[in-house]
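Hi,

Here is the structure I promised to pass on. Have a look at it first, and then read my notes below.

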Amino acid sequence: METLKWTARTVWGLLICTTLAIGCSYLFSAQPWIIFLPIGFVVVIVAVAARYGVMVGILGSILTAAIFAHLLFTPLHSFRVEDDAARASLAWMLLGGIAIPYLLLPDLRSRNDKK
């Protein structure tokens, strides 16, 4: 039963991350500052990870990086990103989205393991 609860929490957190990433991709695609959107999205990933667990932060970072690469940066609808600054922004988002929840939320990680 605990595995089912953990899976449901993880899926719900990932749905929140992916929905917000898709929405941001479509809302802000014409803005001149879209290069900084993935770096700012780390705040969303950390907030969702604080609520739903560290695994959501790790998987959410990977999924949102793929969404941003596919829907936000040129060439559109491809996972290849031509712009070096956009690639660096995605890399920083991955690094921050994976490392920050893992380092700042160790009590949440251990609490989920004990249950």
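Let me start with exposure: a residue is buried under 20% relative accessible area, exposed over 50% and partly exposed in between, using a 1.4 Å probe and protein chains only. By that rule arginine 80 is exposed, because its relative accessible area is 53%.

Some ground rules before the rest. This is a predicted model, so local features need pLDDT of at least 70 and side-chain atom pairs count only at pLDDT 80 or more, while totals for chains, interfaces and linings use all residues. Residues are numbered from 1 along each chain as its sequence is written, and side-chain values use heavy atoms, with hydrogens and water left out.

**Salt bridges**

How many salt bridges does a search of the whole structure find? The search gives 2, where a salt bridge is a side-chain nitrogen of Lys or Arg within 4 Å of a carboxyl oxygen of Asp or Glu. Arginine 80 takes part in one of them: its partner is glutamate 82, and the closest N and O atoms are 3.7 Å apart. Glutamate 82 is partly exposed, at a relative accessible area of 47%.

Arginine 87 and aspartate 84 also form a salt bridge, at 2.9 Å from N to O. These two are 3 residues apart in helix 4, so about one helical turn separates them. Aspartate 84 counts as exposed at 54% relative accessibility, whereas arginine 87 is partly exposed at 41%.

Helices here are DSSP runs (H or I, at least four residues; strands would be E, at least two), numbered from the N terminus. For the length check, the expected span is 1.5 Å times one less than the number of residues. Helix 2 has 16 residues and should span 22 Å; its end C-alpha atoms are 22 Å apart, so that agrees. Helix 3, with 18 residues, should span 26 Å, and its end C-alpha atoms are 25 Å apart, which agrees as well.

Helix 2 covers residues 37–52 and contains alanine 49. Alanine 49 is buried, with a relative accessible area of 0%. In sequence, alanine 49 and isoleucine 100 are 51 residues apart, yet their C-alpha atoms are 9.6 Å apart in space. Other buried residues of helix 2 include Leu37, Pro38, Val42, Ile45 and Tyr52. Just after helix 2, glycine 53 has a positive phi of about 120°.

On helix 3, the buried set includes Val54, Gly57, Gly60, Thr64, Ala65 and Leu71. Isoleucine 62 also lies in helix 3, but at 45% relative accessibility isoleucine 62 counts as partly exposed.

Isoleucine 62 belongs to a nonpolar surface patch of about 410 Å², together with Trp6, Met55, Leu59 and Ile98. The largest share of that patch, 3 residues, comes from helix 3. Patches are built from residues with over 30% relative accessible area and no salt bridge, joining like charges within 9 Å and nonpolar side chains (Val, Leu, Ile, Met, Phe, Trp, Tyr) within 5 Å. The areas come from the Shrake-Rupley method with a 1.4 Å probe, and for residues only the protein chains shown count as cover.

**Rings**

There are 2 aromatic pairs in the structure. Rings of Phe, Tyr and Trp (its six-membered ring) pair if their centres lie within 6.5 Å; planes under 30 degrees apart are stacked, over 60 edge-to-face and the rest tilted. Phenylalanine 28 and tryptophan 33 make a tilted pair, 5.2 Å centre to centre with 50° between the planes. Both are partly exposed, at 26% for phenylalanine 28 and 36% for tryptophan 33.

Phenylalanine 41 and phenylalanine 68 are edge-to-face, because their planes are at 85°, with the ring centres 5.3 Å apart. This pair links distant parts of the chain, 27 residues apart: phenylalanine 41 is in helix 2 and phenylalanine 68 in helix 3 (residues 54–71). Both phenylalanine 41 and phenylalanine 68 are buried.

Arginine 51 has its charged end over the ring of tyrosine 52, 5.2 Å from the centre. The criterion is NZ of Lys or CZ of Arg within 6 Å of the ring centre and within 35 degrees of the ring normal.

**Backbone in the loop**

Which peptide bond is cis? The one from threonine 74 to proline 75, with omega near -5°. Proline 75 lies in the loop between helix 3 and helix 4 (84–104). Histidine 77 lies in that loop too, and has a positive phi of about 60° although it is not a glycine. Histidine 77 is exposed, with a relative accessible area of 56%.

Cheers
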